[in-house]
Amino acid sequence: MKSTFFALIAATVLLTTAADTGAQGAPAQSDKPASSSVAVSDTAWSVAEIRKIDADAGKLTLKHGPIKNLDMPGMTMVFQVKAGIALDKFKVGDKLNFRATSEGGKYWVSEIETQK
């Protein structure tokens with residue numbers, strides 16, 4: 001009975017270890033960021049349409065598609081805008097490409113450009 005119990009434990013450990021490594025034997029990599037803060041170079045471009053601009057508060061309401069680096073489906077929501085992004089060149093209804101990050105429990109637009 002003891003040998004069956006230990007064999008079961010050993011098999012569980014081996015299966016767990018195999019599940020944590022990729023086919024090449026290297027640790028499996030996650031597509032999700034390791035922290036809630038993502039470097040701009042690690043973020044993918046997403047698409048959106050501006051629904052509201054609050055330049056005084058530095059906020060945009062965007063109807064956006066999926067944001068892969070945040071594992072977020074498409075929806076309409078408010079984003080803070082990083083310093084240095086001039087909102088006066090945009091208007092409600094503009095179609096955009098943007099990069100978003102999550103920092104301190106808030107969602108930020110870190111880069112933005114009008115679609116061509």
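This is a predicted model: local features need pLDDT of at least 70, side-chain atom pairs count only at pLDDT 80 or more; totals for chains, interfaces and linings use all residues.
Residues are numbered from 1 along each chain as its sequence is written, and side-chain values use heavy atoms, with hydrogens and water left out.

Now follow the chain. It holds one helix and five strands. Their order along the sequence is α-β-β-β-β-β. Both kinds of element are DSSP runs, numbered from the N terminus: helices are H or I with at least four residues, strands are E with at least two.

Next, see how strands pair, which takes at least two bridges found by DSSP between them. Strand 4 covers residues 95–103 and pairs with strand 5 in the antiparallel sense, over eight bridges. Within this pair, Thr101 stands opposite Trp108 of strand 5. The two strands form a hairpin with two residues between them. Gly104 sits in the turn and has a positive phi of about 60 degrees.

Strand 5 (residues 106–114) also pairs with strand 3 (residues 75–81). Here the strands run parallel, joined by two bridges. Val81 has Val109 in strand 5 as its bridge partner. In a regular strand, side chains alternate between the two faces of the sheet.

Of the 116 residues, 29% are buried, meaning under 20% relative accessible area (1.4 Å probe, protein chains only). The chain exposes about 7,900 Å² by the Shrake-Rupley method with a 1.4 Å probe. Carbon and sulfur atoms supply 57% of that area.

Definitions and conventions
Buried means under 20% relative accessible area, exposed over 50%, partly exposed in between (1.4 Å probe, protein chains only).
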